[in-house]
Amino acid sequence: MRNWPMILPFFLILCLSPPGGVQGLQDWDSVEIQVSPIRGGVNFVTAAGGNLAAFVGPDGVLVVDADYAEMSDRLISTVKELAGSDTGIRFLVNTHWHFDHTSGNEAFAAAGATIIAHEGVARLLSADQVMAAVGGREVPAAPESARPSITFNDRMNLTLNGDVIHMVHMPDAHSNGDVIVHFRDADVIHMGDLFFNGRYPFIDVDQGGNISGMIQAVEEVLDHSLESTVFIPGHGPLADRDNLLAYREMLTTVRDRVRALLDAGMSRDEVIAEKPTEDLDEIWGSGLTGDRLVGLVFDGMSRGG
Ligand SMILES: [Zn+2]
Ligand SMILES: [Zn+2]
């Protein structure tokens, strides 16, 4: 089993919005929670927002990502049921700050979880934010109890339930403060929104995200994983190495094409009008459209990414 080295150098509107629209939704109760055991105590859990992992065992439960607050009661009972009645939810790890992964923090903390995240996540959740790339959406500061109480910068290791969990920061990729969560012995990696399986990714260019950082993060994960590794994407179905390789290929193609048009002196609108992703849209464009992705890629590159 390979280890991480000690030092490592909505669908926009859809994935960043609750089901049924941005405001006033009614249909949270109709969202189905699905649980698929992977191995070694790690379970893949899907609900309304970003995909979760629930790692259960005799020491207690560690959950990765917290979905929307409206899903918390049902998610917490689902996880407790998985774990058996006498083990609590001890830890919640946030892969990044976006509300489809962190809005449930408050409820998980109230259920006993200690929240762990990158320093960038703690900073972003501690103040009101505006997401210009999502139409100026306002994201109010999280209540104090919903903010991470254990933070780290480059990496953190945790031993739990006989496995070792490596949390590794991937700088300037999908957002500010992205981490991957590697369950070493189970051979499972939760990639947060560094990986949208089968879909174009959203990139939070307002917080330093850019496509080169996304590609670098994917490369690093590929370098430190095995043929047998199972990947949990932030969005989309559970993935194997071939799925991640296909995603890297798509990202690289899009980056190279947009870079060439930008280098040729085209404006943002001109680059989008060139439709550089046209032949990829049928496979990858089911969430975020090709045009939206190209705009985000262009924005990231214009800011030096
Ligand atoms: Zn997400
Ligand atoms: Zn995200």
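Trainee: Which spacing do the donors of the zinc ion (ligand 2) follow along the chain?
Mentor: This is a predicted model, in which local features need pLDDT of at least 70, side-chain atom pairs count only at pLDDT 80 or more, and totals for chains, interfaces and linings use all residues; side-chain values use heavy atoms, without hydrogens and water. Residues are numbered from 1 along each chain as its sequence is written, with chains lettered from A and ligands numbered from 1 in the order in which they are written. Donors are N, O and S atoms within 2.8 Å of the metal (3.2 Å for Na, K and Ca), and sites may look incomplete because water is not among the atoms. For the zinc ion (ligand 2), the spacing is H-x1-H-x75-H-x18-D.

Trainee: What is the arrangement of the four donor atoms of the zinc ion (ligand 2)?
Mentor: His96 (NE2), His98 (ND1), His174 (NE2) and Asp193 (OD) coordinate this ion at 2.1 to 2.2 Å. Four donors count as tetrahedral if all angles lie between 85 and 135 degrees; four count as square planar and six as octahedral if opposite donors are over 155 degrees apart and all others between 65 and 115; anything else is irregular. Here the angles are 92 to 164 degrees, and the site is irregular.

Trainee: How many residues apart in sequence are the parts that histidine 96 and histidine 174 tie together?
Mentor: Helices (H or I, at least four residues) and strands (E, at least two) are DSSP runs, numbered from the N terminus. Histidine 96 lies in the loop between strand S5 (89-93) and H3, whereas histidine 174 lies in the loop between S11 and S12. The pair therefore ties together parts whose separation is 78 residues.

Trainee: In S12, which residue is the bridge partner of valine 168?
Mentor: Five strands form an open sheet of mixed pairing, in the order S10-S11-S12-S13-S14; two strands pair if DSSP finds at least two bridges between them. Strand S11 (residues 163-169) and strand S12 (residues 179-183) run antiparallel and are joined by five bridges. Within S12, the partner of valine 168 is isoleucine 180.
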